[in-house]
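Hello,

Here is the structure we spoke about handing over. Please have it open while you read the notes below it.

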There are 2 protein chains.
Amino acid sequence: MSAPATYDVVGVGNSLVDVIAHAEDHFIESEGLVKGSMTLIESDRALSLYHAMGSAVEMSGGSAANTMCGVASFGGKAAYIGKVADDDLGLVFAHDLRAVGVTFRPGRPEGEMRTGRCLILVSPDAQRTMNTYLGMSSWLHPGDLDTDVIADAHVTYLEGYLFDRPEAKEAFRTAARAAHGAGRMVSLTLSDSFCVDRHRDDFRGLVRDDVDVLFGNADELRSLYEVDSLDEAVAAVRRDCRLAAITDGKDGSLIVSGDEVLRVAAEPVAKVVDTTGAGDLYAAGFLHGLTHGRPLPECGRLGSIAAAEVISHVGPRPLVELRRLVTF
Amino acid sequence: MSAPATYDVVGVGNSLVDVIAHAEDHFIESEGLVKGSMTLIESDRALSLYHAMGSAVEMSGGSAANTMCGVASFGGKAAYIGKVADDDLGLVFAHDLRAVGVTFRPGRPEGEMRTGRCLILVSPDAQRTMNTYLGMSSWLHPGDLDTDVIADAHVTYLEGYLFDRPEAKEAFRTAARAAHGAGRMVSLTLSDSFCVDRHRDDFRGLVRDDVDVLFGNADELRSLYEVDSLDEAVAAVRRDCRLAAITDGKDGSLIVSGDEVLRVAAEPVAKVVDTTGAGDLYAAGFLHGLTHGRPLPECGRLGSIAAAEVISHVGPRPLVELRRLVTF
């Protein structure tokens, strides 16, 4: 840890409200969706899919925003930078961050875009199929970043989902420069193997040049390095980053630190209800441990505990205070 | 039952989206709220209370709208008339009705009002404290009614909460005329003892002149007739209406039909989580039975079953198909 900082972690990501409905497998098939995937959709498709899907519940989401809520729920100091429109869902998104103690630094709204939303279909087997209308959220550019907040946070946490438009890519590099310039750490979550696929070279450059702590699941890591085995991906990532945490569903996670590879078990869950937010909350627990100087196995365990909580209910953010689940 | 009808029930009510957060008793006290009550609030207060309350979940609500979703969930044919604005929450409200098969006939949006919302604080003991910003919902006037739908429904179900403004009162009388003119029944739920208190004479006139089937809880009935005992209220209501169903929390309900008074037990519930929607869903079950020619004890039992389902989870509408809970 470097000099004292106001924030443990500041997240930068797509600001989305989740619209969550249960759906049978035949509905997912009839809509031509791939179960378990994340698909970007335009506003027309968002309307038609919303029209077809069942009665829903709205809850704030967004991957990095979920992670910041997790950090705050552990008792950490979290901030979040992202873009919403001046509409009902934008108000909801901002409220739900502030209500759990996350400092929100919204970028400037602009144009006619609506606040982004993610239409999530939860299957009977608890898998979620996500259909994201990014709306205003994806229009983040370097000028939207509060670099004072970034310089004043131990870790800046970047969400790979956002790394799709040139302005957002430039914003990531600006954020990384501001963080490193203040002697802070930069963390990235790969978010999605298709997103990695679309921007592999840029992701590799970012990971190699700017990222200290990398999060991703096994698929995303293999996609990043275009290798078939996780062992090869581990060998590649240790050349690029000081630290990587690779989640692998119910098999738990691997923590790669230099030559060391630690395996951390998943926490047992009585009933998996909705896997939305599992990776986001794993990152929250891990980062909370890391920014409090805890040993790596404990960072992983905090991640597992937070992930287990969030998959045991509908919705992508914790329903209990995570600090109550740990003695730490 | 009279001539065949396209709809079993058409509801007329305040169109609201519920904004639901958990809250400790001390928060409810510190905000000067009365636990278990419903308070009407203006837009400034809605903003300040929303700012103060915790992270929330948004779900469509509105008393009569919840009832219509319950009717549809039993397999009945339901329609709903109400007013929303052209904003995100209006879209959510309309979607969630149509998604469960309720025909929605929105009145015309007008002016700068937003879609109404109800800020609901759920206490650890499962009571809900409701704070309603009516917004567009309360501006229903006779011209917003689709009288063809009303004439084509066995029962028109009016929500007492709406009976606050002169235009809405006139709309109720217009609806009752359209229903009776087509040989249909008119039903009213008293909704709230404070609302009854504000408009007692008008409510009594409506009940006496226009209502065939009255719903209310014991408090509301006593307030309507300004009597201390439920027995006195029962004696009064049987002079005014053909049929009344009076809910009494965990003591179940009383059905008053002429000289007959039936007591119906509440259904057992493993854990009461959130009492929001209990009365709305009782009315759904009762009306579904009534419009299918079932005997009164069974109408009451369907009401109890629907109420038990909705209080066993957060949110004011059923999470399972109610038709699956009954052999009928």
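This is a predicted model: local features need pLDDT of at least 70, side-chain atom pairs count only at pLDDT 80 or more; totals for chains, interfaces and linings use all residues.

Contact between the chains

Chain A puts 16 residues into the contact and chain B puts in 15. On the chain B side, β4 (57–60) and α4 (88–99) each supply at least two of the residues that touch chain A. By type, the side of chain B that touches chain A has 8 nonpolar, 3 polar and 4 charged residues.

A helix in chain A

Helix α11 of chain A covers residues 278–290, 13 residues in total. From first C-alpha to last it reaches 18 Å, close to the 18 Å expected at 1.5 Å a residue. Of the 13 residues of α11(A), 13 are buried, so the helix is largely enclosed by the rest of the structure.

Most residues other than glycine have a negative phi. Two residues in chain A are worth a look on that account.

S191(A) has a phi near 75 degrees. It sits in the loop between β10 (185–189) and α7 (193–198) of chain A. Is S191(A) buried or exposed? S191(A) counts as buried, because it has 26 C-beta neighbours inside 10 Å and the cut-off for buried is 20 or more.

E226(A) has a phi near 50 degrees, also a positive value. This residue lies in the loop between α9 (218–225) and α10 (230–240) of chain A. With 13 other C-beta atoms within 10 Å, E226(A) is partly exposed.

Regards

Methods:
Residues are numbered from 1 along each chain as its sequence is written. Chains are lettered from A and ligands numbered from 1 in the order in which they are written. Two residues are in contact if their C-beta atoms, placed from the backbone, lie within 7 Å. Helices (H or I, at least four residues) and strands (E, at least two) are DSSP runs, numbered from the N terminus. Ala, Val, Leu, Ile, Met, Phe, Trp, Tyr, Cys and Pro count as nonpolar, Asp, Glu, Lys and Arg as charged, and the others, Gly among them, as polar. The expected span of a helix is 1.5 Å times one less than its number of residues. A residue is buried if 20 or more other C-beta atoms lie within 10 Å of its own, exposed if 12 or fewer, and partly exposed in between; C-beta atoms are placed from the backbone.
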